[in-house]
Amino acid sequence: MPIKYNNSKKIFRLDAGSSTYIMQVRENGYLIHLYYGSYISDDDVSHLLANHVNAAFSPLPPSRESGLFSLDTQPQEYSCNGAGDFRISALSVKMPSGNTATELKYKSHRIYDGKAKLEGLPATYVNDDSKAQTLEIMMLDSLSGAEVVLAYSAFTAHNAIARSVKITNTSKDALRLQRAYSMTLDIPRSDFDLIHFHGKHVAERKFERKSLIHGIQSISSKRGSSSHNHNPFTILCDKTATETSGEAFGFSLVYSGNFAVDVEVDCFDYTRVIMGINPTDFEWLLESDQSFTTPEVVTVYSANGLGELSQTYHHLYRKNLCKGPWRDAMRPILVNNWEATYFGFDDDKLVRIAEDAANLGIEMLVMDDGWFGNRNDDNSSLGDWFVNESKLNGDLDSLVKRINALGLKFGIWYEPEMISPISKLYDAHPDWCLHVNGRDRSTGRQQLVLDMSRKDVRDYLFDTMSVVLSSTNIAYVKWDFNRNLSEVGSDLLPVERQQEVFHRYILGLYDLLERLTTAFPNILFEGCSGGGGRFDPAMLYYSPQIWTSDNTDAIERCFIQYGTSFVYPSSTMSAHVSASPNHQTGRVTSFETRGNVAMAGAFGYELDLNHLNDNEKALIKKQVNDYHKYYHIINFGDFYRLISPYENERYCAWEYVSEDKNEALFTFVSIRVVINHTYFVKLRGLDKDKIYIDTETGAEYHGDTLMNAGLRLNGWFGDGTSIAKYFKVKV
Ligand code: DGJ
């Protein structure tokens, strides 16, 4: 089994896939980190511990072992504040005395098969207890009474460990958590590059890679959502690491709110990583006997570069994070009316789009924003989740029946967490939005944010949404979220709990999502936040696909989908063919390229099908057919980033290989024309001994030829042109 305890040496050893993680309880009770990396045979690697210490400036605890033991220099499993470790700390507990010096010592531990649920929080899971084992180490700060359980679940088949922390107040007095990160990892080297994914609305998850510097570097959000600006995911890797070589450590937080990943390189050139809830605007009052559970961090180790790191996350998140019947079922190819009509639609317009969709093989119509209240622009009605029957010229059921009669499923848009100041809901409950009494309420897109920490607000949303969702045959819900949180106060919480609102908001969101996905288990939920502003693992737990970006330009999408692919599988990235010139960039791109790029995700259309010519309609039929043919490769195969648009700038390429390695789909996109150029691309992940047929040309190649010598691409590739090639093993 993956977790072992060496009783005589008090060593814990976790073997997750082909990675090993080792820690040790020292004689003085401190829990020290010993190793994380490729599989090793020995448990006792305490010889690796550094002996550097500055006896004057690194405090020596009285309970130290013989010698110069300082918390400031030893690798910690969960770093605390104020007792001699001056590096960034994961935990800070304020005692009634006002002091925060916290020191954790080992108390006990337990090991069990499987993985427990995290109360109120989404997390990875296993359906079969043999697929993971969990270690819980109970630590105690004897002065404050804070009991801290460090949980580690090691997955048998993946180089992945899921970590979380539960803090319980065992004292009689109230404690205040000033920070409670989900993990610490100390690594005895600093020659790393840090990779992270930053961006903004319509330009999410841009790849950035920089060397670590001494001191603290931090990636974070304090917008109340994981955000367009920084994804809760970071990689530390060898400076020489490539897609196929080098060590890499991934850190992915299963959380949708304010997060931080802080990395510190200390004076001894050691690196500490902590990741969890952002301590800015966070404080949690822990009364006697109360507990606080942190969100989960999933760490992945790869000895073979960034490609393997990504594939580990893809496999794990596809099967052990996404859930429900849509996890494995074939998702419908949809047409969404947003870029087709914006707010300007009625029932007949939707039916006309659906008629064309049905003729072309598209499987679902999604009615986007504007079907409720009095909403004909973005000035009003959020919160009034009642069907606008005059706009739809009848009730929703009549419209859905017309769509279903064409053979299409029906999907609907919601933005549950929002309230428009011009709405019946706001007239009735002006106190239901987040607000700070005495301060103006800042709007974003003319809307305010509901106080999701309130149960009455969540009950209202559950009830009004349930009425609509059970009124007719709804197959899909797009869950949007179009602004970030400001004036974050809640009327129902006492003064001493106002700093809890950011996190309570997220817990409330998860509660509502849990209730709705349980009540409507067959509905496919798609996450969205002005595109990919909340593209995080926690939302994937409830919605197995997320609208990747409001930017539907195929060339821009090459960059956005490239960045997103570092941690999130293609099955989770919604990608649509939209009109040309593109509505966001004005760029003209061929229909083929728009299809080839959108096919690297949960595929669909976002344009007025009534305005297409015969050639475009024929191409849609082909694309629909192709997507069905390639579905299992794209959604269940292995993904390879072959050429990065960030490194190359002129073209990019990617590839999917089926699980049995008998099929491969290769896509190449020319971003900027290169005059008179011959392109070679090496494929990856094939069986070297098998013969692959290029199904378009009939040419045959051994797998090793395609991987080692590569493929020469024929043709002249102008701006925005592309090719997709499907290879099948010769039988
Ligand atoms: C933002 C989303 O990302 C769009 O796809 C669309 O649903 C609009 N909101 C609707 O207001």
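Colleague: What should I know about the numbering and the model before I start?

Modeller: Residues are numbered from 1 along each chain as its sequence is written. The model is predicted, with local features needing pLDDT of at least 70 and side-chain atom pairs pLDDT 80 or more, while totals for chains, interfaces and linings use all residues, and side-chain values use heavy atoms, without hydrogens and water.

Colleague: In which order do the six strands of the open sheet lie?

Modeller: Strands are DSSP runs of E with at least two residues, numbered from the N terminus, and two of them pair if DSSP finds at least two bridges between them. Here the order is β31-β32-β33-β38-β35-β36, with antiparallel pairing. Because β31 (638–643) and β36 (700–702) each have a single partner strand, they stand at the edges, and one side of each is left without a neighbour in the sheet.

Colleague: How many bridges join β31 to β32?

Modeller: Five bridges join β31 to the antiparallel β32 (residues 651–657), and F639 has Y656 in β32 as its bridge partner.

Colleague: Which residues are closest to the ligand?

Modeller: A residue counts as near a molecule if one of its heavy atoms lies within 4 Å of it. Of the 13 residues that surround the ligand, the closest are D368, D369, K478, D480 and D550. For polar contacts, the pair of N or O atoms must lie within 3.5 Å; a polar side-chain atom of D368 lies 2.6 Å from an oxygen atom of the ligand, and an N or O atom in the side chain of D480 is 2.7 Å from a ligand nitrogen atom.

How values were computed. Helices (H or I, at least four residues) and strands (E, at least two) are DSSP runs, numbered from the N terminus. A polar contact is a pair of N or O atoms within 3.5 Å; within protein, one must be able to donate a hydrogen and the other to accept it, and residues adjacent in sequence count only if both atoms are side-chain atoms.
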